[in-house]
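Take a look at the model below. Start with one residue, then step back to the whole chain.

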Amino acid sequence: MTLWILFGLCLVVEVVCVPWYLKALWPEKCTKSLVLKMVCATMFVSVGVLSMFISNNFSSYAITMLVGLVFGWIGDYFLHAKPSDVYFVTGFLSFLIGHFFYIGAYVKALPKLFPDYKMLNAPELIIGAVVLVLAFIMLKLTKMKMTPKIVAFGIWLYFIILTFMFVKATSLGYHQWQSGAQGGILPFLVLTFGSFCFVLSDASLGVIMFADQRKNYPLKIFNILTYFWGQIMLASSILFINA
């Protein structure tokens, strides 16, 4: 019961501190906004740790997901602490590494839990293609300017990796649900909506950075809300996936 109370407190702190952080960072980042952001990031890591102990799940999936969450925490710090290219690249790479850990967790868990699962299959390819087409449409509608070409290549590569993560997370949640395993539909919901929130967050961040929307406060709110609650949902998947 104590662990569940701590789990609930983490959610309460997130509910309180995310809006507080959004208010503190506008119109400019400051020390207060950095502290609040790291409190929010610490909460999703804490949810991951608590989920491990609540479910007594110290499997490869749980550990790999926790490492991904920690890299997200590191990325949050470097993308906020200092407006420099070195800090930005470090933060970006931290998030990218975190995505690879998430992907690794899903890709290893799927065949382990479901021996008949095929890594390449039509439904996942179709879903992935639809997401990328929607991303291309968004690029055109928002008139995002990604120059030089190496930047455009890097952003598209990142989004392809993000889409792959979303597809595999959704697939894992769906298979877990359909198998009748513990948690019912909850694994599907937290993995699908958690990973999709990540897609929405990074897509909105792309618009903010490359479509001259840095002063768009409502879009920034959307970006932050989808990010932190996406991380919380992915962290809580440890409650259900033991592989």
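Leaving aside neighbours within four places in sequence, which residues is aspartate 202 in contact with? They are His99, Tyr158 and Leu162. Contact means heavy atoms within 4.5 Å.

## About the model

This is a predicted model, where local features need pLDDT of at least 70, side-chain atom pairs count only at pLDDT 80 or more, and totals for chains, interfaces and linings use all residues. Residues are numbered from 1 along each chain as its sequence is written, and side-chain values use heavy atoms, with hydrogens and water left out.

## Aspartate 202

Aspartate 202 sits in helix 7, which covers residues 186–210. Aspartate 202 is buried (under 20% relative accessible area, with a 1.4 Å probe and protein chains only). Yet aspartate 202 has no salt bridge (a side-chain nitrogen of Lys or Arg within 4 Å of a carboxyl oxygen of Asp or Glu). Lysine 220 is the nearest side chain of opposite charge, 10.0 Å away.

## The whole chain

The protein chain has eight helices and zero strands. Both are DSSP runs: helices (H or I) of at least four residues, strands (E) of at least two, numbered from the N terminus.

A compact globule of 243 residues would have a radius of gyration near 18 Å, and the protein chain agrees because it has 18 Å. The radius is taken over C-alpha atoms, and the globule rule is 2.2 Å times the number of residues to the power 0.38. Buried residues make up 47% of the 243. Of the contacts with a separation of 6 or more, 77% join residues 24 or more positions apart.

How values were computed. Buried < 20%, exposed > 50% of the residue type's maximum accessible area, 1.4 Å probe, protein only. Lys, Arg positive; Asp, Glu negative; His and termini not counted.
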